[in-house]
Amino acid sequence: MVIYVAAVVMFLILYCLARRKGMGISAYLYEQGRKKGMFGHQHIQEYICLLRPDSGGRAEKEGEWLRQFYIGKIRLFAGMLFAGTLFSACLYLVSETDGVLEDGKYLKRNAYGMGDAETELQAEIMEENGNSHMQDFAVAVGELEYEKDVVRRLGRQLAGSLPDLILAENLSLEEVRGNLDLIRNAEGYPFRIEWESDNYSCILSDGSVSNADIGEEGESVCLTAILTYKDYEEEYQFAVHVFPPVYSEAEAFRKKVYDLLNLQERKSRHEAQVELPEYVDGKKLRWSEKRENSSGLIFLLIITGAGAVYFLRDKELRDKAEARNRQMLLDYPQLVSRITLYMGAGMTVRNVFRKIASDYEKEKQEGGTMHYVYEEMLITCHELDSGVPESAAYTRFGKRCRLMQYMKFSNLLVQNLRKGSSGILEALRQEAGNALEERKNMARRLGEEAGTKLLLPMMMMLGIVMILIIIPAYFSFSV
């Protein structure tokens, strides 16, 4: 419990410090960690820049994107940790309060009709030499019992009601033509009812009636109901001769403890508590209750889960960056082909970029999917409109794409500006052919990877099928 209280106090301190700075806990932790250089991973910043193409002001927004990413990670981690702490603390409190041992020496009984209670206790046994050791005891405590006079009165009431309760569809016990409902218990009464018949060929103890061979005059059967509650029942005597086993010293002591526990339990049947023995054979017993407390394990699992989620956010970001690169590689052949087609029709590179970017923007407004390469082309068009030289804009385009194919493509465009348009179409056609071949190879590689990923599930399914076949065959051979 000290750990849970300390964790809650830590959150309260962080909340107060964050409020003093006018920000949330996640933002406060980020600012403190940033000052110590904890959130300056270059690869994270690169992934974020890849996944957040913008139409302008990119350099100014990189810091804010990085800040939002880390604050989101910290918020998720802190939220899971705080919720897990509260949940674990509640489990601990429930396990501590929902016990049957009171004041270290009393066991609570269940109320009437709630059944017996079983609990596990620990006794710290203090030896005469000052040493102590722990022993476990499984103790059963019966429910609160009715007084004997009340039991007898309830028995008489139930006995008077039984003839009407067992009739089922018969008109009366004087004229029974169908099965009887020999009930085992009655609502409002604590008794267990057992039935006996003096003619089981006619009426069984479950109330089944066999009357197919009975004559018109009928046959009399005596049914006996045995009402049982604790020691209120009919007695049957059997001759049994029992010798006690030979106990070791430890077993003899343990039996004495159990005998005293049973004696105390029987003596206090009409009391709400059972007093546990304090001394057995001159040895002092200090009782404590064994309780299942899984709050610590739950808390540990939640901390582990929160930490895993925190670090998996980096992996998720890396996977998104890889998916972005894969999408750009798949889009590359189509982009080069379109640019080759437009330039072959007489358009300049600048107009080609504007045409492709404007077409993409219209498609996206109509609900189309986002393509990172066309987002980068939109940025290039905005740069050209803001006065950036074409050669610089195309060079930046290749660097932002961060893929070798696009860098090579941007170099072709820059060379076209420097040396003129002679030979550019042939170079672009050749690049389009190479890109198409690379895309085919990439599709083949992705197919092989998909087949490899399916290998484990297929092996598991094969194992299940083998088990379903082998086990019935094994049992059939055994028979």
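Start by selecting Lys73: residues up to four places away in sequence aside, Lys73 touches Tyr310, Arg313 and Asp314. Contact here means heavy atoms within 4.5 Å. The model is predicted, so to read it note that local features need pLDDT of at least 70, side-chain atom pairs count only at pLDDT 80 or more, and totals for chains, interfaces and linings use all residues. Residues are numbered from 1 along each chain as its sequence is written, and side-chain values use heavy atoms, with hydrogens and water left out.

**Around Lys73**

Colour helix α4, residues 58-97; Lys73 sits in it. Helices are DSSP runs (H or I, at least four residues), numbered from the N terminus. Is Lys73 buried or exposed? Lys73 is buried, with a relative accessible area of 1%. Buried means under 20% relative accessible area, exposed over 50%, and partly exposed in between (1.4 Å probe, protein chains only).

**α7 and α11**

Next, select helix α7 (residues 295-344) and helix α11 (residues 404-419). Their axes come within 11 Å and cross at roughly 20°. Axes are lines fitted to C-alpha atoms, for helices over the stretch in contact; angles run from 0 to 180 degrees between N-to-C directions. α7 and α11 are therefore roughly parallel to each other. The classes: under 35 degrees is roughly parallel, over 145 roughly antiparallel, 65 to 115 roughly perpendicular, and the rest oblique.

Show side chains at the contact. α7 supplies Met328, Leu329, Asp331, Tyr332, Leu335, Val336, Ile339 and Met343. α11 supplies Gln405, Tyr406, Phe409 and Asn416. The set divides into nine nonpolar, two polar and one charged. Ala, Val, Leu, Ile, Met, Phe, Trp, Tyr, Cys and Pro count as nonpolar, Asp, Glu, Lys and Arg as charged, and the others, Gly among them, as polar.

**The cores**

Stay on Tyr406. Leaving aside neighbours within four places in sequence, its contacts include Val373, Phe397, Gly398 and Cys401. Which residues have the most contacts inside the largest nonpolar core? They are Ile339, Phe353 and Tyr406, in a core of 51 residues. α7 gives the most to this core, with 10 residues. A nonpolar core is a set of buried Ala, Val, Leu, Ile, Met, Phe, Trp, Tyr and Cys residues joined through side-chain atoms within 4.5 Å.

Then jump to a second, separate core of 17 residues, including Leu158, Ile166, Val209 and Tyr229.

**Last stop: α1 and α2**

Select helix α1 (residues 2-20) and helix α2 (residues 25-35). They pack at about 80°, axes 9 Å apart, and are therefore roughly perpendicular to each other. Phe11, Leu14, Tyr15, Leu17 and Ala18 of α1 meet Ile25, Tyr28 and Leu29 of α2.

Terms used
Helices (H or I, at least four residues) and strands (E, at least two) are DSSP runs, numbered from the N terminus.
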